[in-house]
Amino acid sequence: MDNELAYGHLIQFVKSDVSSAKSATTTTFETALVFNAIVFGIEIAAFTLLRPYFKAVYEPRTVTPVDNERVKPFQTGLLTWPITLFQEDYEDIKRVNGLDAYFFVRFLRVMVRVLVPIWFITWVVILPVTSVNNGISGNTGLSRFTFGNIELDQKERYAAFVILVWLSTLWIFWNIRHEMTHFINVRQLHLIDPVHSRSAQANTILVSGIPSKYLSEKALTQLYSRFPGGVKKIWINRDLKELPGIYDRRLAACGKLESAENSLLATAAKLRAQALKKQGDNSTDPVESADQAERNLTLAEQLVPRAKRPTHRLPVSFMPFSLPFIGQEVDTIDWCRNEIATTTALLRKSNEADHPTQSYPPLNSAFITFNQQIAAHMAYGSLAHHAPYHMADRYLEVSPEDVLWGNLGMNPYEIRIRTAISYALTAVLIIFWAIPVAFVGVISNIEGLCVQEKWLAWLCTIPPVVLGIIQGILPPVLLAVLMMLLPIVLRLFARFEGIPTRTGLELSLMTRYFIFQVIHSFLVVTLSSGIMAALPGILQNPSAVANLLATYLPQASTFFLTYIILQGLTVCAGGFLGYVQLILYYFGPRTVAWGTLFPGITLLTVITLGYSIISPIINGLSVLAFFLFYLLYKYLFLYQYTQTSTTDTGGLFYPKAMQHVFVGLYVQQICLCALFFLARDENNNASAVPEGILTVVLICLTAGFQIVINASYDPLISALPLTIADKTHRSEGSTEAEPVRKSDEKRRDTIDSAIDPSTSQPTMQRKGTDSSPDGEEVDAYFDDVHFLTFDGTVDYGFTQPALARPQRIVWIPEDTLGLGKEEVAANEGSGVLATTAGVTMDAKGHVAVHAPPVDLNKF
């Protein structure tokens, strides 16, 4: 009896009218469409009006002082910029920002090409099939155009769905093969490009898990000299103990000091302008009218009171970072100068040791640079050692800027244990993350929660417009906020497993983040929204569960319709407008994190393919979204973003994106197959078994096609074929070895070069010096003497930064008050390198950059 009462209470709790429990309500969709269209219009209008006046924000690549990064201006009319942007050749992105950016934009372009015919055919066929002379009682609005609107006695209409899913899948197959062929051709041309093939990145491999027997330059040279051209240089990585931490402290202090100095100059300009305004134009200069006691003060002390100088708080001893109102408050400029001088002294002391190899033992990894590019690829693909896991982890196309130096000394077994733990933690996070994401899905179907219980009765009294906002706008926003937190955690997991490069970390993050997105942003939301709508009927008539699920699961598409509208309109227009850069007037180099950017786009692909047949309204919206994103990122990668060539993978994210397309196909086919087998006729018998069987065959065909594609193209993704090796740049040992030896003779005994301690140290003339107030010269490149090559240039190679890089020069603007030059002198007097070269500040505190930083090529 108690069980019957509890069951009846549960039915009453979720009972609602079928027509009011729809996930696919016209009100929700229309509200989201109108709201996002208004936001889109406002943002695009603001961008149109502001773009010509803020070149440093919207076209920084056209005004950058770095010559090799500058591009031609975006010349167009005020209102014709969309047409001009559409006509721009996206192939130029290869030259401007590399293959990773090019293939990302190409993926957006390809998705438009793929979806346009699918959109046209499904709207011509599926919309009439589901709505004309057919329909489930109570289905209105968008629900009329879904798979679930087929009447029980209209089973022959299911044939249209199975025919179209076969046609669309075959069309996508052709596109995948076409794109993989294009990718291989472009990547191989990139590998043999003369500029790339002669770079250290193209000729170097990273080998880890090296046993002690081979952990010397002599042994590794003998081992790898069997490859064409032989070995050019070997860097054995070492455990530098506390040095990397000291180096990071100095780098952070330089950045903080630079910001504080700019803030000081801006404050001085502001106070000076206020003082002149108060005293009038005919009054004496406030600085010149100071008494003799004040004349003994520095210019900074005269212009800016101590209370208005930049300050910050030091972290409490047990915390790695500072908090507001907690910890000792210090003068930022004074503290940074002392911190830089202290850390520089510690780093130089370690470099001046007589026998540094005794203090810093070797790690089990090394960078090996070959004289020929093909040798690096052959070494990468060869089995180097006869024991398990020894020298088994090899990495190709590695650049010094891409290395995660803290992950170079892990034991091979430790790496595999860490990898297992990392993915186990990822799985746990996936499971528990379902709770907040499922809650978002429930909100998207809040009408289904209208019940007769008092504590939820107020949900039924919400005005339709407000309800539409809650269901159509709030869930996508909440989901976006949740997804912003994920990359931080997942990137930590990837780093924990021991990945030694930043690009490798992003590739790993792309896979993890995509899995998260598909499970939580698609599957959980679909099931929670669709099942919630079907639950009242299931509880009242459990035997009808199959029919109810077949009816209501397709109606869960409204959430994704609103999500795509949000992404395609509001997010895309917000990308053009650039709120953050505009507010901060930020004009520095901007980059992207591929590990999070690509999965966000491939998720839209999975969502679109998943619903393209069972709810084809989504196809038109997705075409619009992908087209707008194509225009957006074409613009960003041509005129705003700066992706360095040293962190470019040569397009390796693109094959992963193609694998994500396969996931979309599987989702589409499995969902449609399940709906076919769940479909019932008026006698509650299965009514679409033949269609379900054909879909199973299609799933098998898709799996077979994926296997063939992977087997065909995977070996070509990374390796350089012998058939085109003759087109690469060659650095023959006979021509390159002698300059290298001359360079080594000029270097003193450093950890990475392993020169015999008896080698005499060079006496070198100082370069890049500045005069300090007392007439003494400050050596701007003291540390570079160890890495000076035979032609006078500096080559750090793959030396760890803590041993190689000098102090980053603090960049201070030259202002109208002369404070900038005085601050440079004050910094040099404290042992801190600084300069005003290439940057000025006017009387209003506005900064203008005329040249790149003097040490740009070092950092």
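Figure 1. Leaving aside neighbours within four places in sequence, V661 is in contact (heavy atoms within 4.5 Å) with F107, I172, I176, T605 and L609. This is a predicted model, in which local features need pLDDT of at least 70 and side-chain atom pairs count only at pLDDT 80 or more, while totals for chains, interfaces and linings use all residues. Residues are numbered from 1 along each chain as its sequence is written, and side-chain values use heavy atoms, with hydrogens and water left out. V661 lies in helix α27; helices (H or I, at least four residues) and strands (E, at least two) are DSSP runs, numbered from the N terminus. With a relative accessible area of 5%, V661 is buried; buried means under 20% relative accessible area, exposed over 50%, and partly exposed in between, using a 1.4 Å probe and protein chains only. From V661 to L603 the C-alpha to C-alpha distance is 9.1 Å, although the two are 58 residues apart in sequence.

**Figure 2. Helix α25 beside helix α27.** Here we follow α27 to one of its partners. The axes of α25 (residues 594-611) and α27 (residues 653-678) come within 8 Å and cross at roughly 25°. Axes are lines fitted to C-alpha atoms, for helices over the stretch in contact, and angles run from 0 to 180 degrees between N-to-C directions. That makes α25 roughly parallel to α27, since angles under 35 degrees count as roughly parallel, over 145 as roughly antiparallel, 65 to 115 as roughly perpendicular and the rest as oblique.

**Figure 3. Helix α6 against helix α27.** The axes of α6 and α27 are 9 Å apart, and the two helices pack at an angle of about 25°. This angle makes α6 roughly parallel to α27. On the α6 side, D100, F103, R106, F107 and V110 make the contact, and on the α27 side F653, Y654, A657, M658 and V661 do.

**Figure 4. The largest nonpolar core.** A nonpolar core is a set of buried Ala, Val, Leu, Ile, Met, Phe, Trp, Tyr and Cys residues joined through side-chain atoms within 4.5 Å. Which residues touch the most other members of the largest nonpolar core? They are F104, F576, Y633 and F637, out of 124 residues in this core. Helix α6 (residues 92-131) gives the most to this core, with 19 residues. Y633 is in contact with F104, V105, L108, L597 and Y641, leaving aside its neighbours within four places in sequence. Apart from this core lies another, of 22 residues, among them L303, V810, L817 and V824.

Figure 5. R394 sits in strand β6 (residues 393-396) and is buried, with a relative accessible area of 16%. Not counting residues up to four places away in sequence, R394 touches L206, V207, A379, Y380, G381, S382 and A384. The C-alpha atoms of R394 and S382 are 9.6 Å apart, and the two residues are 12 apart in sequence. H377 is found in helix α16 (residues 373-381) and counts as buried at 7% relative accessibility. Among the residues that H377 touches, beyond those up to four places away in sequence, are L191, L396 and S718.

**Figure 6. Two loop residues with positive phi.** Most residues other than glycine have a negative phi. K241, in the loop between β2 (231-238) and α11 (243-279), has a positive phi near 55°. K241 counts as exposed, at 52% relative accessibility. Y389 has a positive phi of about 70° and belongs to the loop between α16 and β6. With a relative accessible area of 36%, Y389 is partly exposed.

**Figure 7. Cysteines without disulfides.** How many disulfides does a search of the whole structure find? It finds zero, a disulfide being a pair of cysteine sulfur atoms within 2.5 Å. For C336, the nearest cysteine sulfur is that of C254, 8.5 Å away. C336 is buried, with a relative accessible area of 0%. For C700, the nearest cysteine sulfur is that of C673, 9.6 Å away. C700 counts as exposed, at 53% relative accessibility.
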